[in-house]
Amino acid sequence: MNNVVVSFGEGREYEFRVTQADLAAQDADAARQWFEHEFVVLECTPSNPVGKLLIVDQILNVAKYAGENAFMHGGNNWTSVFACATLKMLGRNFVRIDTRAFALSY
């Protein structure tokens with residue numbers, strides 16, 4: 001099983017499980033395009049002052065700008081796509097996203 005944990009502070013963590021089948025069905029290009037689209041839709045601000053936008057920045061910003069409410073009621077389509085696309089883009093089976101510290105850990 002693959003997991004993504006999104007944290008908005010102590011006691012405010014949301015865990016999402018992604019099956020191998022769902023991960024295998026996710027296309028890397030589609031995952032990248034999804035993050036690019038959500039970055040624009042959520043009106044995220046690039047965290048890198050030079051303007052270079054890395055996938056890690058997109059993941060962190062999309063989680064931050066979507067806000068806790070987006071993850072609070074897990075199991076919806078948006079959170080499922082977010083979790084699967086995160087794992088696919090990072091090539092990991094576990095990712096922890098800390099929105100307060102603006103950091104990822106594996």
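Select strand β1 together with strand β3 (residues 94-98), and you will see the two pair in the parallel sense over 5 bridges, where strands are DSSP E runs of at least two residues and helices are H or I runs of at least four, each numbered from the N terminus, and where pairing requires that DSSP find at least two bridges between the strands. Within this pairing, the bridge partner of Val6 in β3 is Ile97. This is a predicted model, in which local features need pLDDT of at least 70 and side-chain atom pairs count only at pLDDT 80 or more, while totals for chains, interfaces and linings use all residues. Residues are numbered from 1 along each chain as its sequence is written, and side-chain values use heavy atoms, with hydrogens and water left out.

Next, select residues 2-7, which make up β1: 6 of its 6 residues are buried, that is, under 20% relative accessible area with a 1.4 Å probe and protein chains only, whereas over 50% would be exposed and anything in between partly exposed. Asn2, Val4 and Val6 point one way from the strand, and Asn3, Val5 and Ser7 point the other way.

Finally, select Glu68, found in helix α4 (residues 68-72) and buried, with a relative accessible area of 16%. Its side chain joins that of Arg12 through a polar contact of 2.8 Å, a term that covers a pair of N or O atoms within 3.5 Å, of which, within protein, one must be able to donate a hydrogen and the other to accept it, with residues adjacent in sequence counting only if both atoms are side-chain atoms. Leaving aside neighbours within four places in sequence, Glu68 is in contact (heavy atoms within 4.5 Å) with Phe8, Arg12 and Tyr14.
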